[in-house]
Amino acid sequence: MRCSGASPLVVAGGGGWHNEDLVERLNRLAGRGLVRRLGYVPAGTLPALYAGARAFAFPSFYEGFGLPVLEAAASGVPVLSSAGSAMAEVLGAEGVLVDPRDSPALAEGLRRLLEDDSLQSRAQAAAADFGDRFSWRRCVERTVALYREITA
């Protein structure tokens, strides 16, 4: 394990709903230089953002497939996400999965992402596999195969 020092929390994405308390806390932390709020990030900018990340946290309650989780994992970034969700199926054993309602578990998961060098190494080693398993080419091939099976 290693301590990564002061890593700022970078929050990307548009605003949510019923999150006034969270926004207020993030703004206070941003004022102290502990948080950077980017807002909406264009798709073309995301690869650079992932490349510069030490970790990626996506503890979602309402996500479907979880494309941001897949993008981060395919970029070689260790990922924390929600247990019992589609993101857990995408990440498998390669991610840190927690109950998004459990603050202590979230904090411990984030600590692991930032301090455990073996997570960094495993994420980098697994990146190519994520890219292969979830490529658009493979998606098309599997979709065509399914259509052929259904119509046969």
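At 43% relative accessibility, E141 counts as partly exposed (buried means under 20% relative accessible area, exposed over 50%, and partly exposed in between, with a 1.4 Å probe and protein chains only). This is a predicted model, where local features need pLDDT of at least 70, side-chain atom pairs count only at pLDDT 80 or more, and totals for chains, interfaces and linings use all residues. Residues are numbered from 1 along each chain as its sequence is written, and side-chain values use heavy atoms, with hydrogens and water left out.

E141 pairs with R137 in a salt bridge, with 3.2 Å between the closest N and O atoms (a salt bridge is a side-chain nitrogen of Lys or Arg within 4 Å of a carboxyl oxygen of Asp or Glu). About one helical turn separates the two, because they sit four residues apart in helix α7. R137 is exposed, at 63% relative accessibility.

## Helix α7 as a whole

Helix α7 covers residues 136–151 (helices are DSSP runs of H or I with at least four residues, strands are runs of E with at least two, and both are numbered from the N terminus). The number of buried residues in α7 is zero, so the helix lies largely in the open.

## Salt bridges elsewhere

There are six salt bridges in the structure. One of them joins D117 to R54, with the closest N and O atoms 3.1 Å apart. D117 belongs to helix α6 (residues 117–133) and R54 to the loop between α2 (46–51) and β3, so this pair ties together parts 63 residues apart in sequence. D117 is partly exposed, with a relative accessible area of 31%, and R54 is also partly exposed, at 21%.

R133 is partly exposed at 32%, as is D129 at 39%. A network of salt bridges also links E108, R111 and E115.

## A buried serine

For a look at a buried residue, turn to S60, which has a relative accessible area of 18%. S60 is found in the loop between β3 (56–58) and α3 (67–74). Leaving aside residues up to four places away in sequence, S60 touches S82, M87 and P100 (contact means heavy atoms within 4.5 Å).

Technical notes:
The expected span of a helix is 1.5 Å times one less than its number of residues.
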